[in-house]
Every structure is written in structure tokens, then in C-alpha cells.
Amino acid sequence: MPSKQLKATWAFFNFLLLAAGAIAIAFSIVWRAPNVVRNFIVGESELNAGLVLGIAFVVTWMISIAAILQQNHVTVGLVITNWTLILDASATLFIGCAIWYYTLMPTKNFLDQWQHSTPERLQALQDTLSCCGYRNSTEFAVNAGFCADPTFASSQPGCSTLILPHADYTLNNIFSSIFGFMAVVIGFFLATVCMVYRRKQQERFRKIDEKRGGRGFV
């Protein structure tokens, strides 16, 4: 049978995968709560991607539990687990790189998002952050609420000066966490490969032992 150290390592990464799935699902749900600034920075597509990734991790965890409970000579469940981990890794890498790439041109990307937002949403951002327009009051500002007075609005900072630092902090933490999930997936994949190898090795030794009449090895 696999050594105690290998079993402990496999169980450790198995737990981390479940924890990663729970974290991804929890944040994808909690961050849907109304929050003007956060909802502007982290959109519906990012939250849906996080939810799908979290569910994928939990499904993989369930498959792995069923696999490890199979008889020692059966490895098909662990092999299936590793294939699902490969899919998880691909999805994790894609989502992480997509968010990282988005952070390379934040001013342009959030300007595009600002331009395509509704006046109501822009006014809410301006009122919440006490700013006017994107870079200044002349750039796609909504002359209502906090910025109703054009003269007053011209003396206020653009919203990008307040949004971009917050976006940089939030998105950097998100893609760093996602790449941390990748380390968990890779670690669990390697631990499962070792489990498969060890189980096959033990089964081979058992068959050899049977051919020798059950006398074992010298």
C-alpha cells in the first residue's frame, strides 16, 4: 500500500483543492452584493468564471474521494481525477492570464467600461467616490448628483484617479489567488500520479508473489 507520507501528502492537497473551490464559490457569491465600486471593477463575467472554477474544483474533489475509496488495485478513478485536474489547470491558467492581461492596460480598459456604462451607474460612481468624469469633468461626466454644478465639477478629481488604485489592488489579489490555486492543482496532480504509480507497483508485486506461491520476496 502507499506509504503514510504519500497518503498524508495526497490528503493535504485534496483538502487544499476543496478549500480553493469553497473560496472561489464564496467570493463569487458574496461579491455579487451591491457595491458600486467593486461591481464596476469586478464584473459579472469574472464572477461567473470564479463560480464555474470553484464548482469544477469541488467536482474534482468529489471524484477524487470516490477514487481513493476504491480497492487498492483499482486506479481508474485516480486516473480520471488527474484528467479532471488537467482540465482544472487549463481553466485556472486561462482565467488567471485573462485577468492579468486586463491589468496591463487599466486606464484604457476601464475607460472603455466607463464609456459603455449607463448614466445611472456613472452617477452612482461619481457620488460614491466624490469625483467627476473619468480623467476629469470634461471626459464622459454625468452632470447630476455630486457633479450637478459644472463649475464645482471642474474642480473635482477624475474618477480614474480613485478607481485605478483600487482596481489594481483588487485585480492583482484576484489573479495572484488564482495562480495560487494553480499550485494546488499541480501539487494534487503530482500526488495523484504518485498514488497511481504506487498502487500499480503494489499490485504488480502482489501478482509476482502469487506466482511464487505467496512466499514473498527475500
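This is a predicted model: local features need pLDDT of at least 70, side-chain atom pairs count only at pLDDT 80 or more; totals for chains, interfaces and linings use all residues.
**Exercise 1. Ser130**

Where is the place of Ser130?

Solution. Residues are numbered from 1 along each chain as its sequence is written, and side-chain values use heavy atoms, with hydrogens and water left out.

Step 1. Ser130 sits in the loop between H6 and H7. Helices (H or I, at least four residues) and strands (E, at least two) are DSSP runs, numbered from the N terminus.

Step 2. The phi of Ser130 is near 55°, a positive value in a residue other than glycine. Most residues other than glycine have a negative phi.

Step 3. Ser130 has a relative accessible area of 33%, so it is partly exposed. The classes are buried under 20% relative accessible area, exposed over 50%, and partly exposed in between (1.4 Å probe, protein chains only).

**Exercise 2. Phe140**

Describe the backbone and exposure of Phe140.

Solution. Step 1. Phe140 lies in the loop between H6 and H7. Step 2. Its phi is positive, about 55°, although Phe140 is not a glycine. Step 3. Phe140 counts as partly exposed because its relative accessibility is 41%.

**Exercise 3. Leu122**

Is Leu122 buried or exposed, and with which residues is it in contact, leaving aside its neighbours within four places in sequence?

Solution. Step 1. Leu122 is placed in helix H6, which covers residues 119-129. Step 2. The relative accessible area of Leu122 is 6%, so the residue is buried. Step 3. Contact means heavy atoms within 4.5 Å. With neighbours within four places in sequence set aside, Leu122 touches Trp114, Ser117, Phe140 and Val142. Step 4. Cys159 is 37 residues from Leu122 along the chain, and their C-alpha atoms are separated by 9.6 Å.

**Exercise 4. Ala144**

Which residues are in contact with Ala144, leaving aside its neighbours within four places in sequence?

Solution. Step 1. Ala144 belongs to the loop between H6 and H7, and at 21% relative accessibility it counts as partly exposed. Step 2. Apart from neighbours within four places in sequence, its contacts are Gln123, Gln126 and Asp127. Step 3. For Ala144 and Gln123, 21 residues apart along the chain, the C-alpha separation is 6.7 Å.

**Exercise 5. Ring pairs**

How many aromatic pairs are there? Classify two of them.

Solution. Step 1. Rings of Phe, Tyr and Trp (its six-membered ring) pair if their centres lie within 6.5 Å; planes under 30 degrees apart count as stacked, over 60 as edge-to-face and the rest as tilted. By this rule there are ten aromatic pairs.

Step 1. Phe27 and Trp31 have ring centres 5.5 Å apart and planes at 90°, so this pair is edge-to-face. Phe27 is partly exposed, at 45% relative accessibility.

Step 2. The ring centres of Trp114 and Tyr134 are 5.8 Å apart with planes at 55°, so this pair is tilted. Trp114 is in helix H5 (residues 106-115) and Tyr134 in the loop between H6 and helix H7 (150-154), so the pair ties together parts that are 20 residues apart in sequence. Both Trp114 and Tyr134 are buried.

Step 3. Ring pairs join Trp114 and Tyr134 with Phe40, Tyr102 and Phe110 in a cluster.

**Exercise 6. The whole chain**

How many helices and strands does the protein have? Give its overall dimensions too.

Solution. Step 1. There are eight helices and zero strands. Step 2. The C-alpha trace spans about 95 × 25 × 25 Å along its principal axes. Step 3. Of the 218 residues in the protein, 38% are buried.
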